Number of protein chains: 2
Amino acid sequence: MAPVKVHGIPRSTCTMRVLAALSEKEADYELVMVNLMKGEHKQPPFLALQPFGVIPVIQDEDLTLFESRAIARYVADKYQNQGSSLYGESVTERALIEQGIEMEAQNFTPAGQPIFYQMVIAPMRGTPTNEAVVEESLIKFAKVLDIHEERLAKAPYLGGESFSLADLTHMPLTHYLIGLPKVSDVFRARKNVMAWWERISSREAWKKVTALSA
Amino acid sequence: MAPVKVHGIPRSTCTMRVLAALSEKEADYELVMVNLMKGEHKQPPFLALQPFGVIPVIQDEDLTLFESRAIARYVADKYQNQGSSLYGESVTERALIEQGIEMEAQNFTPAGQPIFYQMVIAPMRGTPTNEAVVEESLIKFAKVLDIHEERLAKAPYLGGESFSLADLTHMPLTHYLIGLPKVSDVFRARKNVMAWWERISSREAWKKVTALSA
C-alpha cells in the first residue's frame, strides 16, 4: 500500500491535525510541502486537488480528500485496527466524540483562531497586532474554556474515558496558544484543562508531529 | 423505545438540521419548545443540558447530545437500518460525505450566516441591516457556491451519487437564503446548484420539516 500523500506544511494547524491522526495510527505517509510564500496553493495544480486553495489535502490511492477534520475521521476509520483507538466503539461513544470535535470546530477554534492570527501570524507578516481583537477574543475564549474545564472535571478526555479525535482536533491550536502571553494565563487558571493538556501533549504520536516543525 | 426529545424551535436552522435527519430516518421524536424570547436557553435547566446556551440539544434515553451536526451524524448511525441512507456504506463514501459536511460547516455557513443574520434576524429584532456586511459576505458566498457548482456538475449530490448528510446539513440555511433579494440571484446564476436544490428540497422528509414552521 502506497503511503498517504499529505499536501501541506508541518507548522500549519490544519496540517498538524491530519499528521496527528496519521501519527496516532502509525500510518505511513509522505509529506508533500506546499510553498505558500510562492502561492502554490492558489495555482491550478493545487486547486485541482483542493478547490478552496487552502492546505491540507490528502491523496490516498484514488481518493483525494480535503478538510482537516474530514481527513482525521477518515484516517481513524481506515486504520480502525491499528494504532490508538480514536473514534470509540459504540454509536453512543462516537456521538460524544463527534460532539467534542464540534466543540472544537464551532466554539474553541472560532474564539481562539483570531488570537492566534493577531499574536502569531500578523507579526510574521509584519502587520501590527490588533489588541482590541485580542482582548475581545480572549473573553470569548475564556468562556469556552470554562465549559471544557467543567467537562474535564467529570472525565479525563473530551470524548469521555479515552483519548479520541475530540481531543486530537484541539491539539494544534492549543499547542500555539498555550505559550502566548495573556492566553497562557487563561489556560493556567483552569486546572483540569491544564492536566488534560499535560496528558495529551505528552503522547509519543504528538511529539513526533511537533518535532517536524521544531 | 421512547421518542428522542429535541429541545429547540422548528424555525431555527440548527434545530431544522436535526429534525431533517430524524425525518429522513422516519424516527419518532418529541419537539420540546425552548422559549428564546424569555431567555430559557440561558437558564440553569437548559444550561445543564447544553452548556453553551444555544439550541438544539437532544435527549435519547441516557444520552444528552448537543451540536447539530454531531446529532445528525448520531441519528444517521443509530437508525442505520431504517429510512434513507445518509452516511454511505464504505469508508471512502463516508469520507466524501464528511468532506461535504465540512464544506458546509467551514465554508458555506461562515459565508452565508452573516447574510442570513443581517437580512432576516436583524430586521426581526428591529436592528437595521448592515448593507456593507451583506455585500462583503455575498462576494465570499458566491465564491463558495462556485465550488459547489463545479462539484455538482460531476455528481448529483455533494457526497457523490446519493443524497446524504453532506446535502442535508446545507438545507436549513439554503431554505432561508434562496428566497432573499440579491442572494436569490447568486443561486439562480448557478444551474447545477439550482437543480440540486430542486432535487433535495422536494424530498418528503424535508417538506415535513418546513411544514413545522410554515
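A charge counts as sitting over a ring if NZ of Lys or CZ of Arg is within 6 Å of the ring centre and within 35 degrees of the ring normal. In this predicted model, A:Arg203 lies over the face of A:Phe163, at 3.7 Å from the ring centre. A:Arg199 is placed over the face of A:Tyr157, at 5.5 Å from the ring centre. Local features need pLDDT of at least 70, side-chain atom pairs count only at pLDDT 80 or more, and totals for chains, interfaces and linings use all residues. Residues are numbered from 1 along each chain as its sequence is written, chains are lettered from A and ligands numbered from 1 in the order in which they are written, and side-chain values use heavy atoms, with hydrogens and water left out.

Aromatic pairs were searched next. Rings of Phe, Tyr and Trp (its six-membered ring) pair if their centres lie within 6.5 Å; planes under 30 degrees apart count as stacked, over 60 as edge-to-face and the rest as tilted. The whole structure holds 12 aromatic pairs over all chains. In one of them, the ring centres of B:Phe108 and B:Phe141 are 5.2 Å apart and the planes stand at 55 degrees, so this pair is tilted. It links distant parts of the chain: B:Phe108 belongs to helix H4 (residues 91-124) of chain B and B:Phe141 to helix H5 (residues 131-154) of chain B, 33 residues apart. Helices (H or I, at least four residues) and strands (E, at least two) are DSSP runs, numbered from the N terminus.

Burial was assigned from relative accessible area (buried under 20%, exposed over 50%, partly exposed in between; 1.4 Å probe, protein chains only). B:Phe108 is buried because its relative accessibility is 0%. B:Phe141 has a relative accessible area of 0% and is therefore buried. B:Trp196 and B:Trp197 form a tilted pair, 6.4 Å centre to centre with 55 degrees between the planes. B:Trp196 is buried at 1%, and B:Trp197 is buried at 7%. In chain A, one aromatic cluster is formed by A:Phe108, A:Phe141 and A:Phe187.

Chain A also contains an open sheet of four strands, ordered E2-E1-E3-E4, with mixed pairing. Two strands pair if DSSP finds at least two bridges between them. Strand E2 (29-33) and strand E4 (63-66) of chain A are the edges, each pairing on one side only. Strand E3 (residues 57-60) of chain A runs antiparallel to E4(A), joined by four bridges. Here A:Gln59 stands opposite A:Thr64 in E4(A).
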